[in-house]
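Me: I would like to learn how to read aromatic contacts in a protein model. Could you take me through them slowly?

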Amino acid sequence: QVQLVESGGGLVQAGGSLRLSCTTSGRTFTMAWFRQASGKEREFVAAISWSGARTYYADSVKGRFTISRHNAKNTVALQMNSLKPEDTAVYYCAGDQHYSDDARARRSYEYEYWGQGTQVTVSS
């Protein structure tokens, strides 16, 4: 059983940056970040393959967010720059023990393991 723990959330002004981190208790092939704003459904943010050779991003965050992983430390990070109020949400780290592709990586139900979430609030 793989456990994931997120950290790094907080309050930031629009245009600012935050770096989220996810620590895992075991190996996962594909890691991803999803987010859920109040009153809205969970949406895909970014994903990365085990080697880091493949990354996937939602159109809304392309050019602003960067996902990376450090397998030696069993961590996955999400660097968020040029933050907007629309980015305000609870961010969840997710793990999939299968190889992924562009379509699979964006489907929340493909991920077997989830963290508790960390709040990101962007003020205007």
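Predicted model: local features only at pLDDT ≥ 70, side-chain atom pairs only at ≥ 80, totals over all residues.

Reply: Residues are numbered from 1 along each chain as its sequence is written, and side-chain values use heavy atoms, with hydrogens and water left out.

Me: How many aromatic pairs does the structure hold?

Reply: A pair of aromatic rings is described by the distance of the centres and the angle of the planes. Rings of Phe, Tyr and Trp (its six-membered ring) pair if their centres lie within 6.5 Å, and planes under 30 degrees apart count as stacked, over 60 as edge-to-face and the rest as tilted. The structure holds five such pairs, and one of them is the tilted pair of Phe29 and Tyr99, with 4.7 Å centre to centre and 55° between the planes.

Me: Is Tyr111 buried or exposed?

Reply: Buried means under 20% relative accessible area, exposed over 50%, and partly exposed in between (1.4 Å probe, protein chains only). Tyr111 is buried at 4%, whereas Trp114 is partly exposed at 26%; these two rings form an edge-to-face pair, 6.2 Å centre to centre with 70° between the planes. Together with Phe34 and Phe44, Tyr111 and Trp114 form one aromatic cluster.

Me: Which residue lies over the face of Trp114?

Reply: A charge sits over a ring if NZ of Lys or CZ of Arg is within 6 Å of the ring centre and within 35 degrees of the ring normal. Arg42 lies over the face of Trp114, at 4.3 Å from the ring centre, and Arg42 also lies over the face of Tyr92, at 5.2 Å.
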